[in-house]
Number of protein chains: 2
Amino acid sequence: MTAHVIERTPSAVDQPLLIGTILEAGVRSAPEQEIVYADKMRMTYRQMGERVRRLASALASAGVKPGDTVAVMDWDSHRYLECFFTVPMMGAVLHTINIRLSPEQVLYTINHAQDDVILVNREFLPLLDAIKDRIETVKTFILLDDGEGPESSSIQAHGEYEQLLAAANAEFEFPLLDENTRATTFYTTGTTGLPKGVYFSHRQLVLHTFALRAATSGDGHGRFNQSDIYMPITPMFHVHAWGVPFLATLLGVKQVYPGRYVPEVLLKLLVTERVTFSHCVPTILQMLLASDAVKQVDLSNWKVIIGGSALPKPMAKAALDMGIDVFTGYGMSETGPVLTLSHLQPHMEAWDNERQAEVRSLTGRPVPMVTLRIVDEDLNDLPHDGKSQGEVVVRAPWLTQGYLNDPEQSEDLWRGGWLHTGDIGVITEDGYLKITDRIKDVIKTGGEWVSSLDLEGLVLQHSSVAECAVIGVPDAKWGERPLALVVKKPGAEVTAEEIRELVAGYAEKGVISRYGIPENITFVDSLPRTSVGKLDKKVMRAEHIG
Amino acid sequence: MTAHVIERTPSAVDQPLLIGTILEAGVRSAPEQEIVYADKMRMTYRQMGERVRRLASALASAGVKPGDTVAVMDWDSHRYLECFFTVPMMGAVLHTINIRLSPEQVLYTINHAQDDVILVNREFLPLLDAIKDRIETVKTFILLDDGEGPESSSIQAHGEYEQLLAAANAEFEFPLLDENTRATTFYTTGTTGLPKGVYFSHRQLVLHTFALRAATSGDGHGRFNQSDIYMPITPMFHVHAWGVPFLATLLGVKQVYPGRYVPEVLLKLLVTERVTFSHCVPTILQMLLASDAVKQVDLSNWKVIIGGSALPKPMAKAALDMGIDVFTGYGMSETGPVLTLSHLQPHMEAWDNERQAEVRSLTGRPVPMVTLRIVDEDLNDLPHDGKSQGEVVVRAPWLTQGYLNDPEQSEDLWRGGWLHTGDIGVITEDGYLKITDRIKDVIKTGGEWVSSLDLEGLVLQHSSVAECAVIGVPDAKWGERPLALVVKKPGAEVTAEEIRELVAGYAEKGVISRYGIPENITFVDSLPRTSVGKLDKKVMRAEHIG
């Protein structure tokens, strides 16, 4: 006998998980709540409900059908939020174009996603002008106009967004879709290679939203509740601004969209709109903390999830000292994105900032519905002892089920039935993940994994070292051995032996494995970096591995 | 072109929605949190995680396989909670037996559900003894022993629960199930007819839990957050105690299971365990409010959802005056159960108790993922004006998809693709549902629906009337006409004409439709009632409709 799958009487409708249910819940619970676009526009949830129907009518008039792909090139705006709902609710796919990519990459993603329509902010028309002749599938352009951008362009727009909405029918019957219908797609870029398309269904977005709701609401620190006021500081084209606009809409909270990220504007909106909840990368937080304007404002009601890369503990401490409730979120484009959050446990909330910063800068604990493991190369579980390093592999009901039209990389992502994050981490006894390295950067030596990031951090403690990168070089006996590439500070002196002794000292204290002590140390004038300023270890490997 | 259903690379796993994910989240977030069984047992979430694996090992040793049905006859206990998770996680079906049914009805449900195993509290052995020879499919009985109940029984138990757990393997590999696997089943009884089985899948229970989490957490009144302490006062055999034990486990809150409901014990646990969140029927609340013991306790930190039948406004007011945060929940066995909650909107929280009681005793606003309509007999929507009465029909991702092995009643429940609640209600302009009647009791006259409950309430205002029931009688011209059956108070006098004038007065004020004024008023000595004390209109119709 096997388990019973439930029977359905023929007339029964098993309500599918569609993204419209999120909007419906928000409008129902807080119809008069506000949604704000910088200093340009304010509307209520009730109005947004109507505008979403108008937008659907306008898009349908422009020829958009179920299965079409509708792309958006915009700053964070109320329009973007409306597209987050309207396009998928029509059965079409929303392609959130990363406007920070090069024109050639933007062109590639437009053609690869087979966009039918592009909604484009006038400021980005020059970008489209440059690639227009090579765009293959787009039939219609719709203009998003905030009064900035060039006067003329080779792009012939079907109409302007607000004018189209004003003229459109306020009623629209959204179709009852299969919950596995693709709702969104966007592209992730590595340091080399072509952008890869990830994609998410209605079901996935709904479940991500409800799991986030469970993980972030309630009465601990860093929670996101009905009386909060939300402003994203991670672009909406980047993994749906981490999915938080969907969560904010479900909650029915006031939402503030800041347009282009200008530090003074962000700080002004934080204050004037009384924002209490945001998310950003460490660079943005650092920029805000370092600005002069921040000294005049009170950010003690501000909660911020930090993601994208690790939150350095000193930055966490500095933010805490300013009263900011800062903590880490972890995920990636492929994971929709949220996998973990580093909320404190209740008993930790009484700790001092120094101790709290330690926990808040960890990668975090898995949110509900996420199964997260650290494993060896054969997918065996490793102990949760805060020391054993393994690759982070995950399952959850909202992970991309492949890369768009790329069977080979799709299978590699999901080999063995687990999504491989490519990150190396440890899990502490109380269940916090800490990412220690990227798997491609970790050094496998003597049967152990040594974190290149850990090693770099130790070498950088030497007062004469300006920069350091550690890569693994093949070794017949040990598998790999670490090679430290070191840039000295101008006019400073340091020998390889001094660096080796420094690291050996930490190995004696158990901070790092004995296998991590590098016998190979090479002094270089500079380290190669990618276009976004990250250390480019691919180039280093090409140069230093014979 | 039609909408794209997402492609999955062959190795990708789309994590199914299984009930184990709720337990996993709770254990992960609050491993040291407590679960308490009255004054008998305390354990942590971490321990429950282990006990669930031990119970699965023990049940497997007793022969339980995927597809089997495992029934429970118990008071509210930690064991019941463990069965809520363990049995479905094994791929088996949990049958929560309603121990308040007659022995014949219990027998019917055991045979109809085809129970393979029954876990039975020693106190209920006499009930099983009486029907044992006619039980058809049960192969194994497991004893739940709190030291009460008869010394001997004809039932041969395979073993005692705690002893079996102690001896069982603490490791168990739960299967990866289809999320549409049936997880639970139980029976709903009308005033006549055989009990009907409803059933719920893993997916449905998970989605109900996450939607409740979204609806009940946060920073308004009546919310259920991590620092709350939960005690059910609706039996666990009744629609999984409204699904709140699943929610409590997801949250990782302290849970208190009170055993058999004895008012003094309930009040004592409320105080000693510092319970902050419960749910019960109005009768229980009334019993607690009326007890002497309540005068010595402070219930001002207690939040209570009232369901099962309408919360009378005076009872809401009385509870509010004692500081109890009381509000309505609405649903039924068929709906898993929660459809609406009558939380105040933020601006209402400053209102006085009288005005608040008005809103809190409404049926409530739909929780996320629920689509709720009031419709006429052709399923057309009626206006949300607080006046137009229609049948409440719903869709949600957790409604029973039929009655177990009853195709005819299943189709009737779901006719037209909407689950028919059988309730008549109005929806106010700000979205609160108010149930006004059962559809089988409403009087359809002159193209309008007149609520029998409304009419009864008006007639009861006459100082000489002790009891009143209104039923509809067929009428060639008007479809139906109301017939009021009236019991006079002992020694009091009242004429049909006086009652008619009383109602006519309210019709002039617009309180009730003109069509509601009854020309037929019959004085009777008493009104027939069901075994649970409800007015039995089926009997009245049989007696008074020629």
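Angles between axes under 35 degrees count as roughly parallel, over 145 as roughly antiparallel, 65 to 115 as roughly perpendicular and the rest as oblique. The views below show a predicted model, in which local features need pLDDT of at least 70 and side-chain atom pairs count only at pLDDT 80 or more, while totals for chains, interfaces and linings use all residues. Residues are numbered from 1 along each chain as its sequence is written, chains are lettered from A in the order in which they are written, and side-chain values use heavy atoms, with hydrogens and water left out.

**View 1. Helices H1 and H9 of chain A cross at roughly 40°.** The axes of H1(A) (residues 20-29) and H9(A) (residues 244-251) come within 6 Å; such axes are lines fitted to C-alpha atoms, for helices over the stretch in contact, with angles running from 0 to 180 degrees between N-to-C directions. The two helices are therefore oblique to each other. Helices (H or I, at least four residues) and strands (E, at least two) are DSSP runs numbered from the N terminus. In contact, meaning heavy atoms within 4.5 Å, are A:Ile22, A:Leu23, A:Ala25, A:Gly26 and A:Ser29 of H1(A) with A:Phe246, A:Thr249, A:Leu250 and A:Leu251 of H9(A). These residues divide into six nonpolar, three polar and no charged, where Ala, Val, Leu, Ile, Met, Phe, Trp, Tyr, Cys and Pro count as nonpolar, Asp, Glu, Lys and Arg as charged, and the others, Gly among them, as polar.

**View 2. Chain B meets chain A through 68 residues of chain B and 68 residues of chain A.** The area buried between them, that is, the accessible area (1.4 Å probe) lost on being put together, summed over both, is about 6000 Å², of which carbon and sulfur atoms give 50%. B:Gln15, B:Arg28 and B:Gln401 supply 12% of the area that chain B buries against chain A, more than any other three residues.

**View 3. A salt bridge joins the side chains of B:Arg203 and A:Asp14 (3.8 Å, N to O).** Four salt bridges are found across the interface of chain B and chain A, each being a side-chain nitrogen of Lys or Arg within 4 Å of a carboxyl oxygen of Asp or Glu. On the side of chain B that touches chain A, the largest share, eight residues, comes from H7(B), and by class this side has 30 nonpolar, 22 polar and 16 charged residues.

**View 4. Cis peptide bonds join A:Gly336 to A:Pro337 and B:Gly336 to B:Pro337.** Omega is about 0° for the bond in chain A, where A:Pro337 lies in the loop between strands S14 (325-331) and S15 (338-341).

Key:
Buried area = accessible area lost by both parts, 1.4 Å probe.
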